[in-house]
Amino acid sequence: MAVSRPTKEDVKAFAHRFRYQFDESEFDQLHEIVVAGLAGYDVVDELYAAHIEVEAPRRDSRYPDADENPLGAWYVRTEIAPTSAGVLDGRTVAIKDNVAVAGVPMMNGSRTLEGFVPREDATVVTRVLAAGATILGKAVCEDLCFSGSSFTSASGPVHNPWDLARTTGGSSSGNAALVATGEVDLAVGGDQGGSVRLPASFTGIVGHKPTFGLVPYTGAFPIERTIDHLGPMARTVEDAALLLSVLAGPDGLDPRQTEGSRGPGDLSTVGDGVAGLRIGLLSEGFGIPGMSDPEVDALVTAAAEALAADGATVTRISVPAHTYAGALWGTIASDGATYQMLDGNGYGLGVPGYYDPHQMEYFSRGKREHADALADTVKVTALTGAWGLRGLGGSSYAKAQRLVPFVRDGYDAALAEVDVLVLPTTPFTALPLLEAGDDRPEYLRKALSMIANTSPQDVTGHPATSVPVGLASGLPVGLMVVAPRFNDALGLRVAAAVQAQRGPLTPPALVHHA
């Protein structure tokens, strides 16, 4: 077994890329040296094949017909039985299509990965099946998960069951539609800028972004490892907490889990109410200029203030860092995604832990062959990140990462004065899907403008839960609870109290119970 070898012209191209100045006569020798140096790569290939390589299991799957996929939410259908009994007995689950389910096609919303079939289950998939759940399929996600809307997937838009002309939010777009309409009980989503909470808010369900590192990301397609999260989506807070109890905990493979063994707090307290708790309305999350809908702000404020009737103390509190946390996120996401996801073929390099070499190789080819098919959200991010890396030498990324502790400390200081922070998940309700005549700036506004309140917690790592609090002009509104890191249970407890007062939401049409 041997890895492929470069030609002499390949070596010339690499030398040009690094701006090395060699005489033409030197390239014959350089080519021989490089080819000889790859002998060790052959050994690695042989050892991997002998000790680690596995074949994908045989699992039946099919692409859904249009009549059984009215919202465009399913990418592929399957029915994978649980591997043992557990707390999820009898529950059905959708898996976001950036998470590997062995033997089932995975597209990650993008032509660049279309046709890829993983050989191994992601850790969260193994855990869901071991807990007694049945997996019914892969849910559509946005192109490489880089959109807060639901129109960038190469498989087509995902429609909001509350208004088919509007977005579900993204990038866990299919998950939200399937949970909201009852096609599945639960879903596993991903969140790098709000991608669990945004669609939860826009479709009236519950979405929880766990503390960074709590849930292993192993086997999910990364964007940038310092902001990658996986989390539960459900119709109730109790179900989200139950799924979190299954997903959480170290797996020994994910380098993000440096503190993962600390756990999510005591999830059995989710139903304990809010008597004696201090609720802080985060001032900077309301009244965002040119963005916030006063009706959304009013609903969230009223829902939070109503908790006083249950014994909570509700006050206003300020975290000035919230206003510039988005700038840090934008820099980290642009440079980091360009470096790791695009240049690094998803996984990047330089850390121990799990890698999927087959996915890396497949995506490496796919991103070259289908570059023009990528969504504008990905293209603009790549162009911005390329300048950040090559024009600025990655210095802005470095500065942003060094500033993260200041933002985290700002949240932590506020969370020393109050128990949780409350703010609107999204400053407005679901936007219309992409329409004929929308230009590129409008495309990008519809895809990315909703992340002002959600992206900061992806940077700081704090757990955050979106819970529905009612309707504004007939569309769902989400309230977000931000809790101390590794006390996910406290945030879910407050969300459950909100839910007890406001009740779960059910879309007016297309409701189907599997």
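**Contacts, sheet and salt bridges in a predicted model**

Q: Which residues does Glu79 touch, not counting residues up to four places away in sequence?
A: This is a predicted model, in which local features need pLDDT of at least 70, side-chain atom pairs count only at pLDDT 80 or more, and totals for chains, interfaces and linings use all residues. Residues are numbered from 1 along each chain as its sequence is written, and side-chain values use heavy atoms, with hydrogens and water left out. Glu79 lies in strand S2 (residues 74-80), where strands (E, at least two residues) and helices (H or I, at least four) are DSSP runs numbered from the N terminus. Taking contact as heavy atoms within 4.5 Å, Glu79 touches Asp60, Thr134, Ile135 and Leu136.

Q: Is Glu79 buried or exposed?
A: Buried means under 20% relative accessible area, exposed over 50%, and partly exposed in between, with a 1.4 Å probe and protein chains only. Because its relative accessibility is 65%, Glu79 counts as exposed.

Q: How many residues of helix H5 are buried?
A: Helix H5 covers residues 173-180 and is mostly covered. Among its buried residues are Ser173, Asn175 and Leu178.

Q: Which strands stand at the edges of the open sheet?
A: The sheet is formed by 12 strands in the order S1-S2-S4-S3-S7-S9-S8-S13-S14-S12-S10-S11, with mixed pairing; two strands pair if DSSP finds at least two bridges between them. Each edge strand has a single partner strand, so one side of each is left without a neighbour in the sheet, and these strands are S1 (61-62) and S11 (313-317).

Q: What is the bridge partner of Leu281 in S12?
A: Strand S10 (residues 278-282) and strand S12 (residues 420-424) run parallel and are joined by 3 bridges. In S12, the partner of Leu281 is Val422.

Q: How far apart in sequence are the parts that Glu55 and Arg119 tie together?
A: The side chains of Glu55 and Arg119 meet in a salt bridge at 3.5 Å, N to O, the term meaning a side-chain nitrogen of Lys or Arg within 4 Å of a carboxyl oxygen of Asp or Glu. Glu55 lies in the loop between helix H3 (39-51) and S1, and Arg119 in the loop between strand S3 (92-96) and helix H4 (123-130), so the parts tied together are apart in sequence by 64 residues.

Q: What is the relative accessible area of Asp228?
A: Asp228 forms a salt bridge with Arg256, their closest N and O atoms being 2.8 Å apart. Arg256 is buried, with a relative accessible area of 10%. Asp228 is also buried, and its relative accessible area is 2%.
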